[in-house]
Amino acid sequence: MHFELTEEQRMLSDTVYKWALNELGPVQEKIDEEDWMPPNFFRDLGRLGVLGITVEERYGGLGMDVLTEVLVTEQLARICPGPAMSMVAHVELCASNIQRNASDYLKEKYLPPLIRGEKVGAMGLTEPNAGSDAMALRCRAVRNGNSFILNGSKMFITNGPIADIVLVYAKTAPDLGPKGISAFIVEKGAPGFSVSSKIKKAGMRGSPTAELNFDDCEVPAENLVGDLNGGVAVMTKGLDVERVVVAGLSLGISRQTLDYSIKYSREREQFGVPICEFQMIQAKLAEMYARYEASRNMIYRAACLAQGAGRGGKGTQITQLAAAAILYAAEAATRNGSDAVQIHGGYGYCLEFPVQKLWRDAKLLEIGAGTTEIRKMIIARELLRKGSI
Amino acid sequence: MKSLVCLKQVPDTETQIKVKPDGTGIVTDGIKYVINPYDEFSVEEALRLKEKFKAGEVVILTVGPDRCTEAIRTALAMGADRGIHVNDESLNDADPYSIAQVLAAAASQEGYDLIFCGHRAIDDDFGEVGAMLAELLQLPQVTLVTKLEIADDTQSAVVERDVEGGKEVIEVPLPCVLTSQKGLNEPRYASLPGIMKAKKKKIDKKTAADLGITSERKLAPTEYTMPPERKAGKKYEDMEPAEAAKIVVEALRSEAKVI
Ligand SMILES: Cc1cc2nc3c(=O)[nH]c(=O)nc-3n(C[C@H](O)[C@H](O)[C@H](O)COP(=O)(O)OP(=O)(O)OC[C@H]3O[C@@H](n4cnc5c(N)ncnc54)[C@H](O)[C@@H]3O)c2cc1C
């Protein structure tokens, strides 16, 4: 088992990192301070050709592999995890789910502009009272002639304030519980659809988050994604890939916090020597590296496995590995962020140094896209079901 | 418009350079290499010309070992059409003159309307190759170019270059050699589709013999050294401010000789 990157993958990683460093690096403080997203962010990514990596070529994508998508996510997250998370929501939560589940008509209509970055995508599952217990969602969709009428609200929706195209889950048959959920594409400007102002967050700033409200919102019946009452299938089909790609955000953070720490510990002198000469600092660097490599190996392996796996979900090897990869990588990144701040001392705690930002950003990845606790439940469920690994 | 872009692969500016213990060169293990930034301006300018005239070709011309393929591929991913890679053991420690010789021979085989060089390479900083190449090919040259306008009949170009405190505007007949300076343009990023396409583009491999050249170096480095380590500063402690100021001023005058 080896995952040597191909020359193209290496070139792509280098290019995306360079782009992030040159284009986002100089404004990263503004992004964080003002919770600001550079206005051409999605169009620029579209031009770089990284918004449709795993999408079929006939819809404007590149038909490439999950690992390549992870690499792009990782490189972008090294500099700006917030905007990188917005990219993942756009690509994975929205576009990829449309590609996997929607009708040809919907794919032709929505995928090309998403992939070019002309339209911004989002996904709305979570509700004010349905987070980890997503199946308890209350948003309702009722058929009315050639439309569905949506009522309810969605909470913490990444890209909510800027999204043109939202994949929304709602109950179409409340009595059937999880088997009564359906997925719809709702466009910005649909009658009865409104977005609250941006939610203020501790980290992942530059990735706008909002609450979405549906008040007798009319959605064309043809915007149903997948089967009626088949929402859970839509939700779970790409879940393993989604976890692997989201884990790439943590990986980028783990790496960058380590890079900053190596550099700083060689430059900063105390007691007449660079602080990297102290064993306690060295131990931190070593642990940070081990965490980074362990995350990287799990994520890349999961990415390769997800590529080959026809079907993920319950009972498959990829499900437990993907959950383990994101569980471990997210905690590793928070830990690396915290260690990096420690190595930077007082300067690390100040807003001028980027390590504290990465530390704040890292924490979200133990919460969003499934919490650490839920990830552990999934892994345990799989292990106990099979009685072995 | 057929442009030849002379492109060098150099250590990344973020790389920490170490000199070999025997002083014969730098330690190359673990160095990350990139396209010389000035050559990126050249690639971009050549691509823009091709786009503007909707015709022509952008050919990348590189001298160097195997690792340089990656730099050529990156330029191809930006949109260049094909590459020529002169890879010859005898050229591994070539001086600017030998490189110019090789480039001149390769350029003569190729044909061109324009030849771009970076005005210098950020590794050895010689800044000689472009000028020597123009001499060897008997071409007019303009160095440190920050703006380029090709006449509609493609027989000449109007070129701007930075001079101390201002700009100089020069008209130059084609073909010619131009050396690119910062400010010429904003190089584009290779796109992912571009990277995929680059895989299929052709890179011709050549040796010095293929070009009928035996390397004739005129310069040989004798020694590389790191800049001297900064000496520890001096501290003047435990004295009255007025007294300290006096001593420091005296030291600045007689020891440091800065005032
Ligand atoms: C910045 C941000 C962006 C987001 N983007 C999106 C998005 O784009 N689309 C979207 O649909 N959602 C999004 N979310 C929502 C996110 O997925 C939820 O926040 C997450 O699933 C957790 O739900 P919750 O916040 O309601 O926490 P809760 O579910 O209320 O959990 C609170 C705590 O209880 C724990 N807990 C819950 N159940 C159990 C259990 N059975 N056993 C043990 N512990 C348990 C949790 O692990 C957690 O520690 C985003 C959230 C944030 C903060």
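## Domains of the two chains

In this predicted model, chain A is divided into domain 1 (7-120), domain 2 (123-228) and domain 3 (238-386). The centres of domain 2 of chain A and domain 3 of chain A, taken over C-alpha atoms, are separated by 30 Å, and the contact between these domains involves 4 residues of domain 2 of chain A and 6 residues of domain 3 of chain A. On the side of domain 2 of chain A that touches domain 3 of chain A, the residues divide into 2 nonpolar and 2 polar, with no charged residue.

For chain B, the domain assignment gives domain 1 (2-211) and domain 2 (229-259), and the C-alpha centres of domain 1 of chain B and domain 2 of chain B lie 49 Å apart.

## The ligand shell

The ligand is surrounded by 23 residues, of which the closest are Leu125(A), Gly131(A), Ser132(A), Thr371(A) and Glu373(A). By class, this shell has 12 nonpolar, 9 polar and 2 charged residues. Four elements of chain A, namely helix 5 (81-101), strand 1 (121-124), strand 3 (147-158) and helix 12 (372-386), each supply at least two residues of the shell.

Because domain 2 (123-228) and domain 3 (238-386) of chain A both give residues to the shell around the ligand, the ligand lies between them.

Helix 5 of chain A takes part through His90(A), Cys94(A), Ala95(A), Ile98(A) and Gln99(A), while the residues from helix 6 of chain A include Leu106(A), Tyr110(A) and Leu114(A). The contact of helix 5 of chain A with helix 6 of chain A has 8 nonpolar, 2 polar and 1 charged residues.

Helix 10 (residues 317-349) and helix 11 (residues 355-364) of chain A have axes that come within 8 Å and cross at roughly 155 degrees, and these helices are therefore roughly antiparallel to each other. Helix 10 of chain A passes helix 11 of chain A in a left-handed crossing. Among the residues that meet here are Ala333(A), Gly337(A), Val341(A) and Tyr349(A) in helix 10 of chain A, and Val355(A), Leu358(A) and Trp359(A) in helix 11 of chain A. The residues of this contact divide into 8 nonpolar, 6 polar and 1 charged.

## Helix 4 against helix 8

Helix 4 (residues 66-79) and helix 8 (residues 239-267) of chain A pack at an angle of about 35 degrees, with their axes 7 Å apart, and the crossing of helix 4 of chain A and helix 8 of chain A is right-handed. The contact includes Val66(A), Val70(A) and Arg78(A) of helix 4 of chain A, together with Val241(A), Leu249(A) and Arg255(A) of helix 8 of chain A. By class, the contact of helix 4 of chain A with helix 8 of chain A has 10 nonpolar, 5 polar and 4 charged residues.

## Contact between the chains

The contact between the chains takes 12 residues from chain B and 13 residues from chain A. On the side of chain B that touches chain A, the elements giving two or more residues are helix 2 (68-78) and helix 5 (192-198) of chain B. The residues of that side of chain B divide into 7 nonpolar, 2 polar and 3 charged.

Methods. Residues numbered from 1 in each chain as written. Chains lettered and ligands numbered in written order. Predicted model: local features only at pLDDT ≥ 70, side-chain atom pairs only at ≥ 80, totals over all residues. Near = placed C-beta within 6 Å. Nonpolar A, V, L, I, M, F, W, Y, C, P; charged D, E, K, R; others polar. Domains from an automatic or database assignment. Axes fitted to C-alpha atoms, helices over the stretch in contact; angles between N-to-C directions. Parallel < 35°, antiparallel > 145°, perpendicular 65-115°, else oblique. Left-handed = near helix turned anticlockwise from the far one by under 90°. Contact = placed C-beta atoms within 7 Å.
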